[in-house]
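Please keep the sequence and the model at hand while reading.

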Amino acid sequence: MKLFPIMGGIHPEHRKDLTSEKAIVAMPMPATLFLPLQQHIGEPAAPTVEAGYLVKKGELLARSDGAISAPIHAPTSGRIRAIAEITAPHPSGLPMPTIILESDGKDEWTDLPPPIDDPFAAPPQSIRDRVAECGIVGMGGATFPSAVKLGLGTQRKLEVLLLNGAECEPYLTCDDRLMREYADEVIDGARIMAHALGAPRVIVAIETNKPQAIEAMAKAAAATDNVTIAKVPARYPMGGERQLTQAVTGLETPARKLTADMGVVVHNVATARAVHDAVRLGRPLISRIVTVSGGAVPNPGNIEVPLGVKVSELLAFCGGADGAARFVSGGPMMGQPLPSLDVPVVKGSSGILALTRAETRESEPQPCIRCGSCIAACPCGLVPMQMAAFIRAEKMAEAVRIGVQDCVSCGSCTYVCPSHIPLVQYFRYAKGRLATQDRERRKNEQTKALVEARNARLERLAMARRDAAARARAPQPETAQEAGRIAP
Amino acid sequence: MLLDVGSLAVMGVTLGAVLGTAAKLLAVPHNPLEEEILEMLPGSQCGQCGFVGCAQYAAALAKGAAPVTLCPPGGKGTIEALAHKLGVTPDMGQHKETVPQVAFIDEDLCIGCLRCIGECCSDAIVGAPKQLHTVIADACHACTKCVKVCPTEAISMHALPPSITAWHWQKPGDPMRH
């Protein structure tokens, strides 16, 4: 298959051999699970249970609340202890409303929705409804509700479903193992998704550093007529949506457009497996495969974890993490630091890394020497050093003008910087600042609309009062006649 | 020919003089900048800037007679927009960046007198005579007018708890000494 070059990128040490040869093992069900109401992008889910409810495995706990939202289901059977504020798996360390479920140890399934027997004959909307009902979100880490993304084909003509098995982040091997062990399910899920999207072709993109996964997927795809495997070069951030689209189709997605505008929709391989489970088995998303790795973990591996397991329990299952200097959720390049180990595993947790001091490579930043390494490494064609200089001086408008909003926060610039300048941290800060400004502006507009509505109402009331007073002063003749008719 | 040109010239000069005088005599003092600035202010007439209302503050701003940092409900965003519009550098020292606040009514103290409801310009307080009043937090823009009129001191301003949606990464320390 013909491939196309992508801009920039880096070759970090991949360190995948820590876990790549470890088969997926299921984690035993812990006594208590913690399910935050927001495990996806969009509106938080609205609970449908209360403290004291008894639930079965797979039962709905919180329904989707809004156009962009996703429901949450019980990963095991048991009793709801409470819905309380618990520290969220978020770098802020702030709490979030969380459903606390005590397992009864029976792990009994509820009555699941019936399987869709022939999904390729079913209307695409019924597939999307099932995916929405099962709470499936993008499992590569972005956690965007998948049903919404599967509806992109309703307004556009789509050519390709690009299945993302690149897994370019160092350490992570959960997608690699998934493709090796569940190739048939992934391919089937992908074909169902392509049907829901209305895309005639499926291309599975896998980096060349995963030969066994390529082999397994090619074997599974051989039985189908519309699935091809693309072996993309191992280069970070190949797994980025725009980068992968460019590498496979040669199409560059313009700023502020979607890859869907180019006829390509990208979904993760783990999402495809979840879609398979939802459509063929009626199972909601209640567990995921997590890579637990890093130098501080004695027994790293790929674990099939029920959602809501505390990270501390998951690490204990892998032999603890003594001597870790930093805990990261996700990959080391784009993952987020964990505020505490008392946070749960959620739908978007692709990895839990316990890194030693030697692995974190912390060093004092030095002045910029304007070497331009960051420009060469940027996969989006931006000028990181200039953007960082503007942001340092709080010149946000200038930073926006040269494209800070188009930065995907991949961290390649920070990785290559010989002066160890935390470039991507500047861009994260700038994007947060800009979002705050935007929120403040919206709030101001809302206040203004409220004030104007109130003034208009007061004006109306005053007018009505004036009219009433005028009428009271001069009794109108027709009113008198009417009064006469009613009361003779 | 000479007559035509002469008469037109005389008419032109006379009418021009009339119009010119009228423009001077009947001029409405008006600054378009004021309106644009008024657009940018929250418009809640809370008076925390020290002026009677937003229009008066806008007039003072347009004349350059007031700093851009006086509007607490507008927050940092408004200050930056005003500074950009007026081409000035805001003196952030004058602006006390307060955490976002919201009015809160102590239910034990509220007597249902309706005064705060009459004062609230964004309809953020609901209630009826002799009934408990309450604040709709989303609509409150922390102008503190209700606090001042409450006869039982039942209203206080509370800081909004930090939320995950509003959180963002801090600016890294400043290592880049050029």
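## A loop residue in chain B

B:A66 is placed in the loop between helix 3 (54–63) and helix 4 (75–86) of chain B. Helices here are DSSP runs of H or I with at least four residues, strands are DSSP runs of E with at least two, and both are numbered from the N terminus. The model is a predicted one: local features need pLDDT of at least 70 and side-chain atom pairs count only at pLDDT 80 or more, while totals for chains, interfaces and linings use all residues. Residues are numbered from 1 along each chain as its sequence is written, and chains are lettered from A and ligands numbered from 1 in the order in which they are written.

A residue is called buried if 20 or more other C-beta atoms lie within 10 Å of its own, exposed if 12 or fewer do, and partly exposed in between, with C-beta atoms placed from the backbone. When neighbours within four places in sequence are left aside, B:A66 is in contact with B:Y57, B:A60 and B:L61. Contact requires that the C-beta atoms of two residues, placed from the backbone, lie within 7 Å. B:A81 is 15 residues away from B:A66 along the chain, and the C-alpha atoms of the two are separated by 15 Å.

## Domains of the two chains

For chain B, the domain assignment gives domain 1 (32–86) and domain 2 (101–159). Such bounds come from an automatic or database domain assignment. The centres of these two domains of chain B, taken over C-alpha atoms, are separated by 25 Å. Six residues from domain 1 of chain B and seven residues from domain 2 of chain B form the contact. The side of domain 1 of chain B that touches domain 2 has three nonpolar, three polar and no charged residues. In this classification Ala, Val, Leu, Ile, Met, Phe, Trp, Tyr, Cys and Pro are nonpolar, Asp, Glu, Lys and Arg are charged, and the others, Gly among them, are polar.

Chain A is assigned domain 1 (111–288) and domain 2 (365–488). Their C-alpha centres lie 35 Å apart. Each of these domains of chain A gives five residues to the contact. On the side of domain 1 of chain A that touches domain 2, three residues are nonpolar, two are polar and none is charged.

## Where the chains meet

In the interface, 30 residues of chain A are in contact with 26 residues of chain B. Helix 14 (residues 423–473) gives the most to the side of chain A, with 19 residues. That side of chain A has 13 nonpolar, eight polar and nine charged residues.

## A parallel sheet and its helix

Chain A holds an open sheet of four strands in the order 11-10-9-12, with parallel pairing. Two strands pair if DSSP finds at least two bridges between them. Strand 11 (227–232) and strand 12 (264–268) of chain A each have a single partner strand, so one side of each is left without a neighbour in the sheet. From one strand to the next, the twist averages 25 degrees.

Within this sheet, strand 9 (residues 160–165) and strand 10 (residues 201–207) of chain A pair in the parallel sense over six bridges. A:L161 stands opposite A:V202 in strand 10 of chain A. Helix 4 (residues 183–197) of chain A packs on the sheet and touches strand 9, strand 10, strand 11 and strand 12 of chain A, and its direction makes about 145 degrees with that of strand 9. Angles run from 0 to 180 degrees between N-to-C directions, and axes are lines fitted to C-alpha atoms, for helices over the stretch in contact.

## A covered strand

Strand 17 (residues 351–355) of chain A is mostly covered, with five of its five residues buried. In a regular strand the side chains alternate between the two faces of the sheet. A:G351, A:L353 and A:L355 point one way from strand 17 of chain A, whereas A:I352 and A:A354 point the other way.

Strand 13 (residues 287–293) of chain A runs parallel to strand 17 of chain A, and three bridges join them. Strand 15 (residues 326–329) of chain A pairs with strand 17 of chain A in the antiparallel sense over four bridges.
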